[in-house]
Amino acid sequence: MQFISSIAGGLWSFPMPALIAFTGLWLGVRGGAFRALKPKTVIRDGLSRLDKGSFSALSTALAGTVGTGNVVGVAVAIYFGGPGALFWMWISALIGIAVKYSEALLAVKYRGGPMYYISRGLGHRGLATAFAAAASVAALCAGNMAQVGAISASASDIFGGGRTTQMICAASVALLVLIAFRGSSRGKTLNFIVPFMAVFYLFGCAAVIIKNLSALPGVFTAILKGAPRPEAMAWGFRRGIVSNEAGVGSSPIAHAENRGKTPREEGALGVIEVAFDTLLISTFSGLMLLTSGTEELPALWPSRALSSALGGSAPAFTAVSIALFAFSSVLSWSIYGEKSFAYLTGGRGIALYRAAFVFTAAASAMMSFDSAVAVSDLMNAVMALPNLAGLLMLAPSVRKETFSR
């Protein structure tokens, strides 16, 4: 496992963020995606014809994007990179906006996620198959094991019991996933969870920030002064990209399900997705940590910061927030993995994939959280490579749709 961790760490330390940054700049300039940075354009296109289909697609995409990376991931970035890391998370969002805009636009244009816009837009079946295969496995790891592991670890921290508590928690999540598979639409479930979890978590962050409002000017000064530090750039940009998943190719699968918008309008929804994830949720997390006057190991820091305003209820608040973020990600990624697997098999064997997903959720307690994260990071990179290659080659299509009337 140390070998996998080293490879994943090496890929995400510089090569993957650099490749995603280059793709974002290329799509921004060559594809005209920087047009999507204009607030007026985003509001006009993104909020026009906002019906149930649009809300469902956005909720599913946000559920897969907004996760533990917005809580613990931000703490990791600031802990190792200093306050300036938050500045580079903002920069990653601006570049990620161009990528997400293009992904969502192409998903609607070619009526499918990356495997479809690569095969239909480029005629490159091999590259599309590589993405679908990687996404099928990544859903089991990044979207399942790592997220359930986060829930289990959080429960163990609060209730004690070590591995026993983790196993009970993982089994419970697996049961809920099974019920979701057999019951009502996962999309409808996410339509309820996503707005609730966002308001719930932002309320806690706001409570800390308001209580320590006098520290806010100093925090912004520290962010700007710390931004030039190399470690701030490295950790901030890396965790920002991992958080909003720009270029990974997961959320376009959700955006492709929206039939009520034009490609350009759906691209604007992709912009809103990144803005919500990084510029809102992650920013509130960072300001909460920095204004609290506390510092702790990343896994414990959010709870310690929240305790400055919420007192003894902070651990439970943190656990519930992580559970909501992680479980919504699990449901969202189950959709991504299922559709990717269906592409590979022509729609056959879905029941088998669902069984593997439930089993993987239950088995996550047997794997350390660090190991699950390492496997997830590796699979995210493998998944991103064919998607980024496709995006670079489809820049002319992005430009054509962006400037079409």
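Predicted model: local features only at pLDDT ≥ 70, side-chain atom pairs only at ≥ 80, totals over all residues.
Buried is taken here as under 20% relative accessible area, exposed as over 50%, and partly exposed as what falls in between. At 28% relative accessibility, Lys-109 therefore counts as partly exposed.

## Salt bridges

| Pair | N to O distance |
|---|---|
| Glu-273 and Lys-100 | 2.6 Å |
| Lys-109 and Glu-401 | 3.0 Å |
| Arg-186 and Glu-338 | 3.2 Å |

Glu-273 forms a salt bridge with Lys-100. This pair links distant parts of the chain, with Glu-273 in helix 14 (residues 263-291) and Lys-100 in helix 6 (residues 85-109), 173 residues apart. Both partners, Glu-273 and Lys-100, are buried.

Lys-109 is joined by a salt bridge to Glu-401. Because Lys-109 lies in helix 6 and Glu-401 in helix 19 (residues 395-402), this pair ties together parts that are 292 residues apart in sequence. The two partners fall in separate classes of accessibility, since Lys-109, at 28%, is partly exposed, whereas Glu-401, with a relative accessible area of 16%, is buried.

The side chains of Arg-186 and Glu-338 also meet in a salt bridge. Here too distant parts of the chain are linked, Arg-186 being in helix 10 (residues 186-211) and Glu-338 in helix 16 (residues 314-345), 152 residues apart. Arg-186 is buried, and Glu-338 is buried as well. Salt bridges that share partners join Arg-186 and Glu-338 with Arg-354 into one network.

## Helix 6

Helix 6, which holds Lys-100 and Lys-109, has 25 residues, and the distance from its first C-alpha to its last is 36 Å, close to the 36 Å expected at 1.5 Å a residue. Most of helix 6 is covered, with 20 of its 25 residues buried.

Helix 6 is followed by Arg-111, whose phi is positive, near 55 degrees. Most residues other than glycine have a negative phi. Arg-111 is a residue other than glycine with a positive value, and its place is in the loop between helix 6 and helix 7 (114-122). With a relative accessible area of 37%, Arg-111 is partly exposed.

A bend of about 30 degrees occurs in helix 14 at Ala-275. Helix 14 is mostly covered, 23 of its 29 residues being buried, and just after this helix Gly-293 takes a positive phi of about 75 degrees.

Two packed helices are described by the angle between their axes and the distance between the axes. For helix 10 and helix 14 the angle is about 35 degrees, and the axes are 8 Å apart. The crossing of these two helices is left-handed. On the side of helix 10 the contact is made by Ala-198, Tyr-201, Leu-202, Cys-205, Ala-206, Val-208 and Ile-209; on the side of helix 14 it is made by Phe-276, Leu-280, Ile-281, Phe-284, Ser-285, Leu-287, Met-288 and Thr-291.

Ser-251 lies in helix 13 (residues 251-255) and is buried, with a relative accessible area of 0%. Leaving aside residues up to four places away in sequence, Ser-251 touches Ala-61, Lys-100, Glu-103, Glu-273 and Tyr-336. Among these, Lys-100 and Glu-273 are the two partners of a salt bridge described above. Ser-251 and Ala-363, in turn, are 112 residues apart in sequence and 25 Å apart in space, C-alpha to C-alpha.

Glu-245 lies in the loop between helix 12 (230-244) and helix 13. Although Glu-245 is not a glycine, its phi is positive, at about 60 degrees. Glu-245 is buried, with a relative accessible area of 9%, whereas Arg-111, for which phi is also positive, is partly exposed at 37%.

Terms used. Residues numbered from 1 in each chain as written. Heavy atoms only, no water. Salt bridge = Lys/Arg side-chain N within 4 Å of Asp/Glu carboxyl O. Helix = DSSP H or I, 4+ residues; strand = E, 2+ residues; numbered from the N terminus. Buried < 20%, exposed > 50% of the residue type's maximum accessible area, 1.4 Å probe, protein only. Expected span 1.5 Å × (residues − 1). Axes fitted to C-alpha atoms, helices over the stretch in contact; angles between N-to-C directions. Left-handed = near helix turned anticlockwise from the far one by under 90°. Contact = heavy atoms within 4.5 Å. Bend = angle between axes of the 7 residues up to and from the residue.
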